[in-house]
Amino acid sequence: MANSKLRHLAKTLTWRVIGTIDTMVLAWVISGDPATGLKIGAAEVVTKMILYYFHERAWYKINFGLDRRQERKSRQQRADKVSQNIVHQDFGIDKKKRELLLSQKPILVWFTGLSGSGKSTMANLLESELHASGYKTYILDGDNIRGGLCGDLAFTEADRIENIRRIGEVSKLFLDSGIVVISAFVSPFAHDRDLVRQLVGKENFVEVFVDCPIAVCEQRDVKGLYKKAREGKIKNFTGIDSPFEKPEHPDIVLKTSEIDAQELLSNLLSYVEPKISVEANVEL
C-alpha cells in the first residue's frame, strides 16, 4: 500500500509538471503577459495536483473495468511455471512427532453459517474450554484473516473461493504443526468446504453448521452489515444477494437461535474432545 501511494504521488507530480507548463504557455500567449501566465500556472498546479491525487486514490479502490478472473488466471499461470522448479523438502521432525510432544491429535473444526449466526461466539467458547483443558489451539476468523492474508480480496464469488482456498492451506500448515485449528467463516459454497476437507483429510475435518434463520441474524446485525446490504451499500452479501449452500451432512448442527450457548458448547465438546485426546486415539 505504501509503494502504491508513492507511485500515485510520483505520477501526480510528473503529470502536473507537464500540464502546468502547457497552461503557463497558453496563458502567456492569450494574455500576452508572462507574469499572468506564471500566476495562473502556479494556482493551477496546486489545485489540480491535489484533485488528481485524490482522483487516483479513489480509482485505486474501485474494481470497475478490472478483470479479476484474467488477473487470477495470469497469476496461476505464473505459479504453475514456478512450481515446476519446486521440490518438497522433508525434515526430521514430522507431524507425528509434534503430536506426541503436544499430547494431542490436531483436527480442523470448521464453523460455517450466515453472518451473525454465532460462528465466532461458539468458536471462542470452544477454544476457551479446550485451552483450559491444556490443548494447544488457534482460531482463524473471517474478519481477522481478511485484514491481513486475504486483504487483497473482495467479496465476489471468485474472491470468496480464493479466500477459502487460502484458509484451507493455512489450516493444513497449522495441523502439520500439531495445533488444533478452529475456523469461523461464512464459507457459503459447499464445493469450497469440500475442497478444504480433501486438503486436510476428511478424518481431520469437523464441519460445524451454525444454523440460524436469516431473520434472526438480521435482527442481531451486530456489525450493521445486513442494514448496509439492504441499502445496497454492500454487494454480494451472503443471504441477501449471494447464496448460502447449507451443508448436507455436517458433523454437528448448532441451532443458536433455539438452544442456549452453554448447552451447545457441551454438545460440541462431547464430539470434539475425543477426537483430539491422546487417550482416545490409540494410534498415538
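Me: Is Cys212 buried or exposed?
Reply: Cys212 counts as buried, at 5% relative accessibility. Buried means under 20% relative accessible area, exposed over 50%, and partly exposed in between, with a 1.4 Å probe and protein chains only. This is a predicted model, in which local features need pLDDT of at least 70, side-chain atom pairs count only at pLDDT 80 or more, and totals for chains, interfaces and linings use all residues. Residues are numbered from 1 along each chain as its sequence is written, and side-chain values use heavy atoms, with hydrogens and water left out.

Me: How many disulfides are there in the whole structure?
Reply: A search finds zero disulfides, where a disulfide is a pair of cysteine sulfur atoms within 2.5 Å. For Cys212, the nearest cysteine sulfur is that of Cys217, 3.7 Å away.

Me: And what is the relative accessible area of Cys217?
Reply: Cys217 has a relative accessible area of 0% and is buried. Cys217 is in no disulfide either.

Me: Changing topic: which side chain of opposite charge is nearest to Asp141?
Reply: That is Lys223, at 5.6 Å. Asp141 is buried yet has no salt bridge, which would be a side-chain nitrogen of Lys or Arg within 4 Å of a carboxyl oxygen of Asp or Glu. In this charge count, Lys and Arg are positive and Asp and Glu negative, while His and the chain ends are not counted.

Me: Where is Asp141, and what is it in contact with?
Reply: Asp141 belongs to strand 2, residues 137-141. Helices (H or I, at least four residues) and strands (E, at least two) are DSSP runs numbered from the N terminus. Apart from neighbours within four places in sequence, Asp141 is in contact (heavy atoms within 4.5 Å) with Ser120, Ala184 and Phe185.

Me: What about the phi of Asp221?
Reply: Asp221 has a positive phi of about 35°, although it is not a glycine. Most residues other than glycine have a negative phi. Asp221 sits in the loop between helix 9 (214-220) and helix 10 (225-230), and at 19% relative accessibility it counts as buried.

Me: And Asn236, what is its phi?
Reply: Asn236 also has a positive phi, of about 55°. Asn236 lies in the loop between helix 10 and strand 5 (252-254) and is partly exposed, with a relative accessible area of 31%.

Me: Last one: where is Leu26?
Reply: Leu26 is in helix 1, residues 2-31, and is partly exposed at 45% relative accessible area.
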